Amino acid sequence: MITRQRLAAGICALLATLTAGVAFPAGAVADETDSAASPKVELVLDVSGSMSARDIDGGSRMAAAKQAFNEVLDATPEEVQLGIRTLGANYHGNDRKTGCKDTAQLYPVGTLNRTEAKTAVATLTPTGWTPIGPALLKAADDLNGGDGTRRIVLISDGEDTCQPLDPCEVAREIAAKGIGLTIDTLGLVPDAKTRDQLSCIADATGGTYTSVQHKEELSDRVGQLVDRAADPVVTPVATEGATQCAGAPTLKSGLYTDREEFGKQRFYRVDVNPGQELRASVSVGADREVNPDYGVLMRAVTVHGREIVRGEGTGNGRTDVISTGLRYPKAESDDDAPAETVCLQVTNSFSAASGVKTTPGLPLELTVDVVDGPDKASDVASFGLGRGWWLLGALVLTGFVAGLLWGWMSRWRLAVWRTN
């Protein structure tokens with residue numbers, strides 16, 4: 001009896017140990033993984049004095065922003081970690097130096113408590129300056145860390161009042177870090193200067209700019225951008241091409257980002273096995289003012305410099321991004337031939353406008369895909385026409401018979417006409 005009790009107690013203890021050893025560590029790892037991969041969004045709201053203007057559907061710009069925030073907070077997906085940062089919300093004075101430091105995190109980026117976030121938004125009153133540049137720098141720090149998507153949504157109604165810290169340059173610096181952070185901007189009843197500045201901020205990071213005139217437009221657009229952060233996306237991998245093929249990095253299938261100097265070239269290497277096809281494309285963005293008439297060239301060359309295939313695109317100043325691509329199928333081989341190293345050369349002919357900085361280089365996005373090549377033609381699909389051969393044969397036969405009939409009828413009518 002005692003032996004049975006000891007045996008039962010030992011089994012219970014073993015089960016408890018296994019349960020504790022398996023369940024708790026697994027739970028901890030799952031929590032860490034979920035936290036690391038969670039998408040992060042920070043809403044950056046301009047609370048400067050001009051937000052008290054009453055020109056959005058009969059109400060103030062601030063009232064429209066508060067309504068939009070409340071609706072968005074109600075609809076934010078559970079997996080999104082959301083935060084709110086303000087600019088120009090706390091300093092009431094006229095000292096420019098102090099006013100240009102006026103940015104604060106109203107609600108920290110993390111799991112959303114809708115009631116607390118709404119309560120914080122309700123306390124906002126249009127107050128001070130418009131330090132957009134400092135606010136973007138702080139917002140980038142707020143979103144630092146983790147592997148999920150990161151997005152800043154900036155809502156403003158005016159230009160930055162804290163130059164010389166140009167918010168456009170700040171956005172370019174953020175993009176140059178290669179951290180995959182996107183900045184989307186919304187302009188409330190914007191003038192031309194505000195529109196240009198907010199567009200420049202968005203373009204520098206691959207974001208979007210939207211002009212807003214009505215409450216519903218603001219709510220819908222902010223909601224779309226928050227939802228977009230929860231969508232699964234491919235995060236680009238930062239890489240650095242070389243000036244020659246010999247020292248270029250070897251890339252596998254994926255999406256990559258880089259920076260390329262004005263009028264310079266970058267090299268990347270890709271290994272292609274027999275029977276595979278290389279598909280590559282590149283986009284180069286003009287994230288600052290450039291001279292019109294520019295182009296981008298992508299060449300696939302051998303390690304010895306012989307050109308295999310090329311793709312090119314040109315622009316005339318009407319677009320901010322120019323793209324091109326190429327395909328290279330490598331024929332199958334009967335023997336065990338090694339993979340071929342293909343060098344991808346990307347060259348641009350952009351030139352900076354007068355007085356525009358040339359550093360950092362232009363943002364470049366490169367897509368590489370190595371796939372199995374197309375199958376050989378079968379006896380049913382000869383020469384790539386497939387079952388079209390049957391249709392082609394039927395059409396030829398029909399045309400031949402119709403020609404014979406038409407010729408016979410024509411001769412018969414001619415004979416009848418001569419007789420009469």
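Which side chain does the side chain of Asn348 make a polar contact with? It is the side chain of Glu260, at 2.8 Å. (A polar contact is a pair of N or O atoms within 3.5 Å; within protein, one must be able to donate a hydrogen and the other to accept it, and residues adjacent in sequence count only if both atoms are side-chain atoms.)

This is a predicted model, where local features need pLDDT of at least 70 and side-chain atom pairs count only at pLDDT 80 or more, while totals for chains, interfaces and linings use all residues. Residues are numbered from 1 along each chain as its sequence is written, and side-chain values use heavy atoms, with hydrogens and water left out.

**The whole chain**
- You'll find nine helices and 15 strands in the chain; these are DSSP runs numbered from the N terminus, with helices (H or I) of at least four residues and strands (E) of at least two.
- Of its 420 residues, 41% count as buried (buried means under 20% relative accessible area, exposed over 50%, partly exposed in between, with a 1.4 Å probe and protein chains only).
- Take the contacts (heavy atoms within 4.5 Å) between residues at least 6 apart in sequence: 74% of them join residues at least 24 apart.

**Around Asn348**
- Asn348 sits in strand β14, which covers residues 340–348.
- Asn348 counts as buried because its relative accessibility is 4%.
- Setting aside neighbours within four places in sequence, Asn348 is in contact with several residues, including Phe262, Val296 and Leu362.

**Helices α5 and α6**
- The axes of α5 (residues 132–142) and α6 (residues 167–176) come within 8 Å and cross at roughly 20°; axes are lines fitted to C-alpha atoms, for helices over the stretch in contact, and angles run from 0 to 180 degrees between N-to-C directions.
- So α5 is roughly parallel to α6 (that label is for angles under 35 degrees; over 145 is roughly antiparallel, 65 to 115 roughly perpendicular and the rest oblique).
- On the α5 side, the contact is made by Ile132, Gly133, Leu136, Leu137 and Ala140, and α6 brings Pro167, Val170 and Ile174.

**Around Gly133**
- Gly133, found in helix α5, is buried because its relative accessible area is 0%.
- Not counting residues up to four places away in sequence, Gly133 touches Asp160, Leu165, Pro167 and Val170.
- Gly133 and Thr161 are 28 residues apart in sequence, and their C-alpha atoms are 9.3 Å apart in space.
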